[in-house]
Amino acid sequence: MTALWYTARGTGVVALLLLTSTVALGAVGTARAETSRWPRVVTAQLHRHLSLLVVAFVAVHVASTVLDPFAPVGWTAAVIPFSSAYRPVWLGLGAVALDLLLAVLVTSLLRARLGYRTWRAVHWLAYASWPVALWHGLGTGTDSRLTPMLGLDVVCVAVVACGLWLRLRLLPSVGRRIAVGVAAAAVALATAVFAAAGPLQPGWARRAGTPQRLLSGAASTATPPGSAQDHRQPAVIAGAGS
Amino acid sequence: VPLPANDITDYRDWLLARTQRAQRGVTVSAVVAAIGLSAAFAHELPGHAAAQKAATIPSRADHGVGAASPTGKHKAAHPHHHHHRPLQAPAQPPAQPATTAPVSPPPVTSGGS
């Protein structure tokens, strides 16, 4: 079952990268940015292809997490937010992101039936699913503390910020532009503060809601609970890496 | 790839080929990245390895003999999943304590306390 665990972690990271690219490409396409060698139709097709790829990778991520037997994460907890016994909040954010993605996917597939306005209103949820997925990865990811993973998170934030900046230029109202910009900056700042005060601190596994059974089982084979390393032990057994 | 001439069919084909090439590249890159990351996690990224060495006895932790990793259940349950290297003789024998040179007491120059 170890392979399942590594698969969950790898696909989770790649899914976040793909989701980041999808959000950024969507913003670039909406901003009508194009060159002669990269017309908008290529951007639109790539955006659609990437979003389907995100769903595929998230499906593998969820399946490998649930099938990995150690952490008590069931199929229900993967879809219904905050119903998991294991790290309910942070795993629940992953379920929220998954549900939002599914809503965007289904409405995109039914776009012709729903009409443009309904589809567009739901499609804005994609912007909400991205930070939720990022927080899910930070909160319950095994490798959140690793420098490469932190670097990837920073790159993801930077890419989405660039796409959002392009998108904001299209808003006609200066007031709305400033409001959305401030909200986005607040989200980025909150993410940085959360990462510094939560997952990057020792003892995060206990505070995140890892069941005591897993904590004591891991602690009995390694360093004592509460030590500088104990946040890593249950993180590996989380079954919901970023 | 040069831009096609004014022929709209050529242009459409060119766009289609470009899109498909980009999609193929993204898909292959994503799959390779997922496999590579999984393999990297399986063989432990440097951060995990450093934490493991810091938390366990160095000579045993490197080979996963008896020392559980601080990174969790999978490492603890499968401590032999990698780093299987046969034991080898050291390149140099350990330094022997000198037996011929007598150890002289430190000189007392101040007459004691």
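In the predicted model, B:Y11 has a relative accessibility of 30% and is therefore classed as partly exposed. B:W14, by contrast, counts as buried, because its relative accessibility is 9%, below the 20% limit for that class. Both residues belong to helix α1 of chain B (residues 8–42), where a spacing of 3 residues separates them by about one helical turn. Their ring centres are 5.8 Å apart and the ring planes meet at 25°, so B:Y11 and B:W14 form a stacked pair.

Across all chains, the whole structure contains 3 aromatic pairs. A further stacked pair is formed by A:W90 and A:F194, with 4.7 Å from centre to centre and 20° between the planes. A:W90 is located in helix α4 of chain A and A:F194 in helix α9 of chain A (residues 174–197), so this pair ties together parts that are 104 residues apart in sequence. A:W90 and A:F194 are both buried.

Helix α9 of chain A comprises 24 residues and spans 34 Å from its first C-alpha to its last, close to the 34 Å expected at 1.5 Å a residue. Besides A:F194, the buried residues of this helix are A:T191 and A:A195. The elements covering the buried residues of α9 include α4, α7 (125–140) and α10 (204–208) of chain A.

With a relative accessibility of 8%, A:S84 is counted as buried. A polar atom of the A:S84 side chain lies 2.9 Å from the backbone nitrogen of A:Y86. When neighbours within four places in sequence are left aside, the residues in contact with A:S84 are A:P72, A:V73, A:A77 and A:L91.

Arginine side chains also lie over aromatic rings. Within chain A, the charged end of A:R111 is placed over the ring of A:W119, at 3.9 Å from its centre. Between the two chains, A:R9 lies over the face of B:F41, and the distance to the ring centre is 4.4 Å.

Note on methods:
Residues numbered from 1 in each chain as written. Chains lettered and ligands numbered in written order. Predicted model: local features only at pLDDT ≥ 70, side-chain atom pairs only at ≥ 80, totals over all residues. Heavy atoms only, no water. Buried < 20%, exposed > 50% of the residue type's maximum accessible area, 1.4 Å probe, protein only. Polar contact = N/O pair within 3.5 Å; in protein donor to acceptor, adjacent residues only side chain to side chain. Contact = heavy atoms within 4.5 Å. Phe/Tyr/Trp six-rings, centres within 6.5 Å; stacked < 30°, edge-to-face > 60°. Helix = DSSP H or I, 4+ residues; strand = E, 2+ residues; numbered from the N terminus. Lys NZ or Arg CZ within 6 Å of the ring centre and 35° of its normal. Expected span 1.5 Å × (residues − 1).
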